[in-house]
Each structure stands twice: as structure tokens, then as C-alpha cells.
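Try each task before you read its solution.

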Amino acid sequence: MDSNFGGRMPVRRNRFGSVTGMIVDMVPATMGNRRAEGCVIFVTLEDTDGNTVNFIMSPHTYVVDFETLSVGMTCTFWYAADAPMPLIYPPQYNAVAAAREKMERMVNVGYYNTSLVNDDQTLQLNMDGSVNVRTTNNQYFQGNPAGHNLVVVYGSSTRSIPAQTTPKLVVVLCEA
């Protein structure tokens with residue numbers, strides 16, 4: 001077999017999973033037998049099939065537009081698919097990012113390579129001077145976003161494969 005996969009690069013598996021649904025409960029999380037001082041929130045989400053998924057929102061969870069989430073909102077939560085997690089039902093994930101569902105706004109979370117194409121090769125970023133590139137604490141990102149895990153907020157894209165877009169906002173999920 002050809003070592004270069006027939007001229008194509010192998011597709012990496014997306015490191016991030018996501019769940020979209022309505023927030024049905026938000027309570028302060030507990031750590032052992034004490035509350036987490038109000039800094040961690042336990043969010044219960046119900047997807048469109050009626051399945052329940054729990055997310056732990058910490059101060060490290062990036063919330064798009066820094067919007068305050070509340071019960072009744074339809075949101076998407078992203079989690080690290082390769083992170084350790086308890087084998088319980090309903091599933092429980094540590095939220096990496098969250099976004100309220102809004103018309104005419106798309107959000108993608110994933111690793112973008114040096115060509116600014118995401119892991120599953122479905123989206124390529126066209127970065128021009130108008131793209132706002134930030135860190136999770138809303139500071140200007142001073143480096144190149146390529147080769148990082150990114151939260152990409154965009155409005156429209158081409159119908160090509162991969163789809164191309166000039167994002168409205170790129171947030172770099174800097175490694176700790």
C-alpha cells in the first residue's frame with residue numbers, strides 16, 4: 001500500500017465531542033462533601049431525543065460571547081472526547097466550551113492544522129486582517145492560531161469540501 005495514503009493526508013479523529021440540547025437544571029457543584037465555592041456549576045442538558053447529559057462548567061469553560069447561560073436555553077456543550085470520564089448514566093463530561101444556539105451563527109470547536117483545516121476536514125479558515133483572534137480570557141492572541149485547538153465563530157461558509165469561511169471570531173484554547 002502507498003505510504004502517503006493515495007496522496008491524501010490521514011483524517012485525524014476530532015478530539016472534541018458535542019451535545020446540543022436544552023438546559024433543564026443548573027446547580028452549584030459539590031466537591032466531595034463541600035460545595036465548590038460557587039465556581040463550578042453542574043449543568044443538566046436534555047437533547048432533542050430526550051436523553052439527559054450532565055456537564056461540569058468550571059472557570060476554565062469558555063462560553064461564547066461570555067453569555068450568561070440559564071435554564072430553558074438551547075445550547076451546545078463541547079467536551080474533550082479523549083479525557084477520562086466516569087462510566088455512569090447519565091453521562092457526565094467536563095465542559096471545554098459552551099454556546100447558546102443562535103440563528104445565523106455557527107460554532108466549531110476543534111484542532112486546526114497549519115493549513116487552518118479542522119481535524120475532520122470539514123472547515124477551512126480564511127484568515128484576513130478583519131478576523132478577531134482572542135484567548136479564552138478575551139485578550140488578543142499574539143501568535144499564529146494554526147496548530148491549536150480553536151473555538152471558531154462564523155456566519156456563513158462555502159459549499160466546498162472542506163467548507164471555507166472567514167470567521168467572525170477565533171478563540172485559541174491555549175494549553176495549560
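**Exercise 1.** Are Phe55 and Tyr79 buried or exposed?

*Solution.* First, some ground rules: this is a predicted model, where local features need pLDDT of at least 70, side-chain atom pairs count only at pLDDT 80 or more, and totals for chains, interfaces and linings use all residues. Residues are numbered from 1 along each chain as its sequence is written, and side-chain values use heavy atoms, with hydrogens and water left out.

Next, the cut-offs: buried means under 20% relative accessible area, exposed means over 50%, and partly exposed is in between (1.4 Å probe, protein chains only). By that rule, Phe55 and Tyr79 are both buried.

**Exercise 2.** Describe how the rings of Phe55 and Tyr79 sit together, and say which parts they tie together.

*Solution.* Start with the rule: rings of Phe, Tyr and Trp (its six-membered ring) pair if their centres lie within 6.5 Å, and planes under 30 degrees apart are stacked, over 60 edge-to-face, and the rest tilted. The structure has 5 aromatic pairs. In the pair of Phe55 and Tyr79, the centres are 6.3 Å apart and the planes make 45 degrees, a tilted arrangement.

Now find the strands (DSSP runs of E, at least two residues, numbered from the N terminus). Phe55 belongs to β5 (residues 52–57) and Tyr79 to β7, so this pair ties together parts that are 24 residues apart in sequence.

**Exercise 3.** Work out which strands pair with β7.

*Solution.* Two strands pair if DSSP finds at least two bridges between them. On one side, β1 (residues 16–28) runs antiparallel to β7, joined by 7 bridges. Look for Met22, which stands opposite Thr74 in β7. Then turn to β8: β7 and β8 pair in the antiparallel sense over 5 bridges, and Trp78 stands opposite Ala97 in β8. Last, check the cover of β7: 6 of its 7 residues are buried.

**Exercise 4.** Find the largest pocket and describe its lining.

*Solution.* Here's the definition: on a 1 Å grid over the protein atoms alone, a pocket is an open set of points where a 1.4 Å probe fits, with protein on both sides within 12 Å along at least five of seven lines, and lining residues have an atom within 4 Å of a point. Grid points are joined across faces, edges and corners, and the volume is the space filled by probe spheres set on the points.

The largest pocket has a volume of about 620 Å³. Of its 21 lining residues, the closest to the centre are His60, Thr61, Val96, Leu173 and Cys174. β6 (62–63) and β8 (92–100) each supply at least two lining residues, and β8 gives the most, with 3 residues.

Methods. Helix = DSSP H or I, 4+ residues; strand = E, 2+ residues; numbered from the N terminus.
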